[in-house]
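Thanks, everyone. Please have a look at the model on the screen, and then I will take you through it.

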Amino acid sequence: MSDLLWKTLVLSPVVLGVTVLCSSRAMAAKILDSAEDTKAEVILTKAPTASGQLVAQAKTDENNVLEQVKRYSSEANNQNSLSQVTSVSQFSDVQPTDWAFQALQSLVERYGCIAGYPNGTYRGNRALTRYEFAAGLNACLDRVNELIATATADLVTKQDLATLQRLQEEFSAELATLRGRVDSLEARTAELEANQFSTTTKLVGEAIFAVTDNFGGDDDNNTVFQDRVRLDLQTSFTGKDTLHTRIAAGNAVGLTLPNATFEGTQTFNLAPNTTNSAAIDWLSYYFPFGNSQVYIAATGGIHSDYVPTVNPYFEDFDGGNGALSTFASESPIYRIGGGAGIGVNLGFGGSGIFKPSLTLGYFASEANNPIGGSGLFEGNYAALGQLNLNVGDRITLAATYVHGYHGGGTALFDAGSASTTTGVVGTLQANFVAAGNAYASNSYGVEAAFKPSDKLSISGFVLYSDITGFGAGDDGEVWSYGAGVSLPDFGKKGNLLGIFAGAQPYLGSAGGDRPYHIEGFYRYRVTDNISITPGVIWLTNAGQSAIDNEDAVIGTLRTTFNF
């Protein structure tokens, strides 16, 4: 108890420091993670009158005008695929109540300078505002200027020019406001284009600060402060494909638990090394093919990159916003194999509420090694097949099969690292069933998720692996199961409360008590870009030892920065 108290006191200033650091950044400017959601905002407080003088605009009116212009511009940009309507009278919601409507109607029908929607409506069930009308007038002015510039001025009559002049005088303030905003937007766009990183690539980053320790009885660990950073360059060439080039670095060293078990592995422990040296840990390409999605990984690929893991809210692709542990994040069946390979999702186009699909994949852990017994097909590999079924928007079911070959001394749940010493989940006995010999695995899994409401999700899985060793007496059976309850937006929008429990992968014939895993965490969203996640992982009989071990109680305070 004194040891626990001492470590709690040691941890407290670090927790306080991290909390103060995050709180001091709570008012940081929001950076949207999608270029399509970025909107330029321009505040213009003056507009020229018909006599050329500047008059002050009320701030409230100005904001309303800006929103109207944005909506008009957005609809104009998004209607390219629709057939055009060139008559003002076809806009069923525009009321022809004054001379300006009649005048613009004549100009539109002569020069075809306004595009609308095929259903004959415009901006809902209401008449045009003066600013929307001015935008249509501006389009006609541009069209007439174009005709004059292309030496087709004979198509523009003096009467039309006079009408345009009168309309310009009537709507001069609105035209000036619109053009002022366009000029400002063009200037800002030019500045962005001149200083942009790339026309095809955006950067998505994540940084994790984590304070963690084991407070169990058999504890040889000290409190540690660890980190991991991921920088993902996302490139699109067609708008529908994505090339991921991810650079990662970290210094997280796994906690020492009884019998060298991998049960204490947390998601931020997954990094290329423990020296904060940067390396490309994932290089992959997604692209559509018909109604299917194809995934190709050159390095660092894992099954959860392309197959539904059916564990909502807990799964965050080993990032810093889901569960703390690799076990609670997804079924261990998706940790069997990885590296370089291909995956494809085939949609069946089911009707009604039933939406079935099929996922196939193949990964080789030693695809880059040309020596005998390695390579794309002769080395370690894992082939996956999964049937998926969505029942409406609330129920998801999946049945998974993975066949793998594992060279001598290779962990079963290695996530493609082909390491002879490291697994990412489960006990030592479950990872090295064949006692150093090569072996084949046939693994079967069932996954399910039920979302009764937007505030509650229940998910779980069962795994069975049949291990056939190529030596004498080294066959075995590995089991694992777990279930979790998550409460999104608990206490505040963006927060997440998660509780997960189950048995980490264990060898059925090893004897001893089963190694149970109980995890609870609460992700608190400080801002849209910063979250703090305190949590506890309780491991009973860690290491699956026949000798009674003290339970491991891992406490973690994780701070995640997304940008």
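**Overall picture**

Start with the contacts, meaning heavy atoms within 4.5 Å. Of the contacts in the protein chain between residues at least 6 apart in sequence, 65% join residues at least 24 apart.

A word on the source. This is a predicted model, where local features need pLDDT of at least 70 and side-chain atom pairs count only at pLDDT 80 or more, while totals for chains, interfaces and linings use all residues. Residues are numbered from 1 along each chain as its sequence is written, and side-chain values use heavy atoms, with hydrogens and water left out.

The protein chain has nine helices and 18 strands. These are DSSP runs numbered from the N terminus: helices are H or I with at least four residues, strands are E with at least two. There are 563 residues in the chain, and 45% of them are buried. Buried means under 20% relative accessible area, exposed means over 50%, and partly exposed is in between, with a 1.4 Å probe and protein chains only. The chain exposes about 27100 Å². Carbon and sulfur atoms supply 58% of that area. Areas come from the Shrake-Rupley method with a 1.4 Å probe; for residues, only the protein chains shown count as cover.

Next, α5 and α6. Helix α5 covers residues 158-170, and helix α6 covers residues 172-195. Their axes come within 5 Å and cross at roughly 80 degrees. Axes here are lines fitted to C-alpha atoms, for helices over the stretch in contact, and angles run from 0 to 180 degrees between N-to-C directions. So α5 and α6 are roughly perpendicular to each other, a label that takes in 65 to 115 degrees; under 35 is roughly parallel, over 145 roughly antiparallel, and the rest oblique. Which residues make the contact? From α5, Q168, E169 and E170; from α6, S172, E174, L175 and R179. They divide into one nonpolar, two polar and four charged. Nonpolar covers Ala, Val, Leu, Ile, Met, Phe, Trp, Tyr, Cys and Pro; charged covers Asp, Glu, Lys and Arg; the others, Gly among them, are polar.

**Salt bridges**

Side chains of opposite charge can pair when their charged atoms come close. The rule here is a side-chain nitrogen of Lys or Arg within 4 Å of a carboxyl oxygen of Asp or Glu. That gives seven salt bridges.

Take R394 and D454, at 3.3 Å, N to O. R394 sits in the loop between β10 (381-391) and β11 (395-406), and D454 in the loop between β12 and β13 (456-469), so the pair ties together parts 60 residues apart in sequence. R394 is partly exposed, at 35%.

Then K455 and D489, at 3.5 Å, N to O. K455 lies in the loop between β12 and β13, D489 in the loop between β14 (476-488) and β15 (496-507), so this pair ties together parts 34 residues apart in sequence. K455 is partly exposed at 47%. D489 is partly exposed at 26%. Elsewhere, salt bridges that share partners join D318, E330 and R335 into one network.

Are E330 and R335 buried or exposed? E330 is buried at 1%, and R335 is buried at 2%. Their side chains meet at 3.4 Å, N to O.

**Two backbone points**

Most residues other than glycine have a negative phi. V310 has a positive phi of about 55 degrees. V310 lies in the loop between β7 (292-301) and α7 (326-329), and is buried at 10%. A435 also has a positive phi of about 55 degrees. A435 is in the loop between α9 (428-431) and β12 (439-453), and is exposed at 68%.
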